[in-house]
Amino acid sequence: MFRLTVVILILLSVCTEQTIGGSFFIYNQVRHGSLMKVHCKSKDNDMGWHVRKYGGVYGFDFSDNIFGTTLFWCNIWQGPHLEHFQVIVAFESRQYPHDLNAWIRWSVRGDGIYQSINGATWKFKYHWDNKL
């Protein structure tokens with residue numbers, strides 16, 4: 001029984017050393033006077049509701065689970081009366097190499113939502129109100 005416990009502990013330590021994680025930040029860059037409301041969740045974590053004024057940021061650090069199946073999505077509202085809405089996939093393990101500790105930034109703007117990974121150039125990702 002002792003040997004089995006030791007083997008399991010060694011396997012868990014090896015698996016957790018190979019996991020990824022990182023940080024993501026969501027910036028309100030819409031325009032002065034516009035609010036941004038954010039609610040992010042994963043299967044196991046509800047990060048709560050957060051409101052930021054223009055220029056504000058919301059973010060957190062996380063670790064991927066040992067199975068590489070972590071998924072965080074965020075509901076984002078913006079505008080003077082929070083009249084525009086979009087759901088984004090803020091982080092999904094399978095999108096990133098497993099040796100990467102991703103630093104993901106999201107920029108909430110008037111024309112949509114942009115993403116930058118590890119300091120790369122901003123790329124347009126989402127329109128407002130689920131428009132294609």
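Student: Which residues have the most contacts inside the largest nonpolar core?
Tutor: A nonpolar core is a set of buried Ala, Val, Leu, Ile, Met, Phe, Trp, Tyr and Cys residues joined through side-chain atoms within 4.5 Å. In this predicted model, the largest one has 22 residues. Those with the most contacts inside it are Phe24, Ile26, Cys74 and Ile76.

Student: Which element gives the most to this core?
Tutor: Elements here are DSSP runs, numbered from the N terminus: helices (H or I, at least four residues) and strands (E, at least two). Those giving two or more residues to the core are strands E1, E2, E4, E5, E6 and E7. With 4 residues, the top giver is E7.

Student: Is Met36 buried or exposed?
Tutor: Met36 sits in strand E2. Buried means under 20% relative accessible area, exposed over 50%, and partly exposed in between (1.4 Å probe, protein chains only). Met36 has 0% relative accessibility, so this residue counts as buried.

Student: What separates the C-alpha atoms of Met36 and Trp77?
Tutor: Contact means heavy atoms within 4.5 Å, and Met36 is in contact with Trp77, among others. Along the chain they're 41 residues apart, but their C-alpha atoms are separated by 5.6 Å.

Student: Which element has the lowest mean pLDDT?
Tutor: pLDDT is the predictor's confidence in each residue, from 0 to 100. The protein chain averages 81, and over residues 4–19 the value is below 50. The element with the lowest mean, 44, is helix H1.

Note on methods: Residues numbered from 1 in each chain as written. Predicted model: local features only at pLDDT ≥ 70, side-chain atom pairs only at ≥ 80, totals over all residues. Heavy atoms only, no water. Lists of a residue's contacts leave out its neighbours within four places in sequence.
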